[in-house]
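Colleague: I have a chain open on my screen and would like to go through it. Can we start with the open spaces and then move on?

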Amino acid sequence: MAELESLETAAEHERILREIESTDTACIGPTLRSVYDGEEHGRFMEKLEARIRNHDREIEKMCNFHYQGFVDSITELLKVRGEAQKLKNQVTDTNRKLQNEGKELIIAMEELKQCRLQQRNISATVDKLTLCLPVLEMYSKLREQMKSKRHYPALKTLEHLEHTYLPQVSHYRFCKIMVDNIPKLREEIKEVSMSDLKDFLESIRKHSDKIGETAMKQAQQQRNLDNIVSQHPRISGGKKSKKEVFTSSDLEVKNTSPMSEQDSGILDVEDEDEDEEVPGAQDLVDFSPVYRCLHIYSVLGARETFESYYRKQRRKQARLVLQPPSNMHETLDGYRKYFNQIVGFFVVEDHILHTTQGLVNRAYIDELWEMALSKTIAALRTHSSYCSDPSLVLDLKNLIVLFADTLQGYGFPVNQLFDMLLEIQDQYSETLLKKWSGVFRNILDSDNYSPIPVTNEEVYKKIVGQFPFQDAELEKQPFPKKFPFSEFVPKVYNQIKEFIYACLKFSEDLHLSSTEVDDMIRKSTNLLLTRTLSNCLQNVIKRKNVGLTELVQIIINTTHLEKSCKFLEEFITNITNVLPETVHTTKLYGTTTFKDARHAAEEEIYTNLNQKIDQFLQLADYDWMAMEPGSKASDYLVDLIGFLRSTFAVFTHLPGDVDVHSTMSGKVAQTACMSACKHLSTSLMQLLLEAEVRQLTLGALQQFNLDVEECER
């Protein structure tokens with residue numbers, strides 16, 4: 001087994017030695033690693049040394065074999081050196097003779113060479129001047145164009161000079177100076193064109209409100225035209241969009257060519273009268289600086305830089321435009337100027353979008369509009385919340401609708417603006433409710449709470465025209481006569497109708513369905529009835545100085561107003577064309593409002609009567625120790641019964657129709673009488689049971705009995 005391993009090791013060492021002999025030195029590393037990976041290092045070194053000794057012996061044998069040939073070669077070289085020296089001497093002698101005989105020929109050839117050189121130089125000079133003169137002329141033309149501020153032609157000349165003429169004469173020093181100066185000229189053109197663009201942007205910023213005002217005037221004219229067309233459909237077969245009106249052929253922008261060299265700026269336009277044609281929004285603007293600068297930067301290969309700069313500056317301007325003034329909510333002009341600036345900004349951007357290729361794109365415009373929409377809505381929410389005048393809120397709504405219609409004509413989505421208007425509608429309703437609260441208070445405070453007298457037919461018809469009242473018996477009575485209700489009934493009824501009209505005005509142009517308008521009006525009217533009018537009536541009823549006669553008249557008035565609720569329902573149905581039987585239609589709560597007011601008035605009557613009874617009872621002065629009773633009832637009780645008799649006479653002589661009369665006499669009078677009697681009996685019993693009354697005489701009880709019998713009679 002040991003012998004077999006020894007043979008394998010010897011064979012492996014032999015293979016490694018062959019690889020070392022045949023492998024390049026640079027690649028011998030892996031071979032040597034295989035030696036170190038083994039365990040027979042000593043035996044391999046012995047074999048390696050034996051192989052080296054063998055090669056040394058072979059080298060020595062080879063050198064001994066070729067030594068004689070080397071000696072012979074040296075001997076032959078020594079013989080050749082002598083022959084070579086002889087040949088050199090002969091060549092030198094021949095050259096000396098040739099030089100002496102060819103001197104004259106060399107002189108003639110040198111003169112011919114100089115002539116040919118001069119001729120060639122003259123020809124080359126002419127050729128070079130022929131090439132250089134156009135370069136100099138072109139450069140002179142370039143400087144002239146730069147001096148006259150014709151930058152776009154100068155840029156074209158510069159491109160022609162650089163790529164066509166200068167390469168032909170690029171090795172001249174003056175051309176190198178020109179070449180070195182070309183980047184500076186380009187930068188100068190870029191700076192000047194950028195300066196024009198900055199002036200343009202500044203002018204646009206200052207005149208955005210004028211541009212927006214013009215665009216909104218056009219939108220208003222288009223809306224008026226659409227209304228006329230819708231009323232007379234035969235006049236025109238179709239309607240143009242606002243965008244088509246703004247971009248028609250007669251409103252083309254002047255000087256839009258990049259070759260135009262006019263200065264940038266906004267053209268001045270005087271205010272036009274209402275009946276004159278409003279100029280196109282784009283006619284106010286000279287866009288040539290933008291086009292020139294765009295073309296120049298495109299030629300210079302810096303279009304992306306220009307686009308980035310333009311968008312960045314316009315985005316900054318957008319943020320400035322979208323920042324509302326702090327006092328914007330005070331007047332409508334503040335809102336109008338704010339909207340004009342926003343419209344003006346986007347009119348310019350829309351025109352740039354459609355007249356340039358890629359300076360702005362739809363994604364950039366949409367991003368700006370999204371930002372503008374969110375900031376505008378936030379500003380309107382904040383500032384409109386300060387408005388307490390419903391007229392201002394209504395004017396603001398109309399202005400927002402015009403603002404939305406204008407931008408919608410340019411293709412911008414405005415649904416969020418109309419959604420926000422629905423929020424403002426709630427605020428508008430609140431301002432209306434506050435205003436009508438004051439109106440109702442004035443009406444109720446100024447009313448005399450007595451039936452309306454009429455002396456002739458004209459006054460009678462006027463009141464019947466203001467309030468839906470029909471009574472056959474009253475019509476038959478001769479003049480003068482009286483309506484059962486006081487003046488606040490027709491006034492309140494008409495003010496409710498005015499409130500409904502005010503709500504309807506806000507719903508115009510909001511693109512709402514008839515059902516939505518009807519629902520909005522009914523909800524607002526319900527708030528007016530159940531909250532505003534109800535509170536005003538309750539305040540009147542609860543006033544300290546209100547009399548029983550006034551309370552009775554309030555009961556009569558609320559009864560008639562309750563009956564008029566069905567006419568208010570019909571009124572709303574007529575203006576919205578939505579039948580009350582329609583599903584989800586909101587019902588008016590006026591009946592409940594007036595019933596509650598009437599019940600409150602009745603309770604106030606009962607309370608006042610009881611208070612009056614208490615006041616009379618405070619005058620009672622019984623002598624509980626009297627030995628003999630008086631001959632008649634107590635004075636305070638006689639006065640109390642007289643007061644009650646006159647009070648109930650008011651109830652039994654109520655003016656008005658049969659229903660009202662029967663209601664008042666049958667319910668209010670009866671209930672008031674029962675309440676008064678019950679309160680009086682309870683109070684008399686309390687007099688007897690007071691803790692201060694410790695003993696009674698028969699005479700005192702007989703006097704008290706007289707008073708009770710007087711009450712019974």
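Colleague: What volume does the largest pocket have?

Modeller: About 380 Å³. Bear in mind that this is a predicted model.

Colleague: And how many residues line the largest pocket?

Modeller: The lining has 15 residues. Nearest the centre of the pocket are Ile-641, Cys-677, Leu-680, Cys-711 and Glu-712.

Colleague: Which helix gives the largest share of that lining?

Modeller: Helix H22, with six residues. H22 covers 658–688. Helix H21 (635–652) and helix H23 (698–712) also supply at least two lining residues each.

Colleague: Let's step back. How many helices and strands does the chain have?

Modeller: There are 23 helices and four strands. The chain has 713 residues, and 40% of them count as buried.

Colleague: What share of the contacts join residues at least 24 apart?

Modeller: It is 79%, taken among contacts between residues at least 6 apart in sequence.

Colleague: Now the inside. How many residues are in the largest nonpolar core?

Modeller: That core has 146 residues. The ones with the most contacts inside it are Leu-197, Phe-339, Phe-346, Phe-483, Phe-488 and Ile-496.

Colleague: Take Leu-197. What is it in contact with, leaving aside neighbours within four places in sequence?

Modeller: Leu-197 is in contact with Val-290, Cys-293, Phe-306, Tyr-309 and Tyr-310. Apart from this core there is another, of 19 residues, which includes Val-135, Tyr-152, Ala-154 and Met-178.

Colleague: On to helix H12. Is it largely enclosed or left open, and why?

Modeller: Largely enclosed by the rest of the structure, because 16 of its 20 residues are buried.

Colleague: What span should H12 have, and what does it have?

Modeller: H12 runs over residues 390–409, and at 1.5 Å a residue it should span 28 Å. The C-alpha atoms at its ends are 28 Å apart, so the two values agree.

Colleague: Which residue caps its N-terminal end?

Modeller: Asp-389 does. One of its side-chain oxygens lies 3.1 Å from the backbone nitrogen of Ser-391. Just after H12, Gly-411 has a positive phi of about 95°.

Colleague: I also clicked on Ser-384. Where is that, and is it buried or exposed?

Modeller: Ser-384 belongs to helix H11, residues 362–384. Its relative accessible area is 3%, and the cut-off for buried is under 20%, so Ser-384 is buried.

Colleague: What does the side chain of Ser-384 have 2.5 Å away?

Modeller: The backbone oxygen of Leu-380 is 2.5 Å from a polar atom of that side chain. Leaving aside neighbours within four places in sequence, Ser-384 is in contact with Tyr-335, Leu-396, Ile-424 and Gln-427.

Colleague: Now the backbone. Is the peptide bond from Phe-479 to Pro-480 cis or trans?

Modeller: It is cis, with omega near -5°. Pro-480 sits in the loop between helix H15 (472–476) and strand S4 (481–482).

Colleague: What about phi of Tyr-449?

Modeller: It is near 50°, which is positive although the residue is not glycine. Tyr-449 is in the loop between helix H13 (415–446) and strand S3 (453–454). With 5% relative accessibility, Tyr-449 counts as buried.

Colleague: And Asn-577, is that buried or exposed?

Modeller: Asn-577 counts as exposed, at 66% relative accessibility. Its phi is also positive, near 60°. The loop that holds Asn-577 lies between helix H19 (565–576) and helix H20 (590–617).

Conventions: Residues numbered from 1 in each chain as written. Predicted model: local features only at pLDDT ≥ 70, side-chain atom pairs only at ≥ 80, totals over all residues. Heavy atoms only, no water. Core = buried A, V, L, I, M, F, W, Y, C linked by side-chain atoms within 4.5 Å. Buried < 20%, exposed > 50% of the residue type's maximum accessible area, 1.4 Å probe, protein only. Contact = heavy atoms within 4.5 Å. Polar contact = N/O pair within 3.5 Å; in protein donor to acceptor, adjacent residues only side chain to side chain. Expected span 1.5 Å × (residues − 1). 1 Å grid on protein atoms, 1.4 Å probe; cavity = no way out; pocket = protein on both sides within 12 Å on 5 of 7 lines; lining within 4 Å. Points joined across faces, edges and corners; volume = space filled by probe spheres on them.
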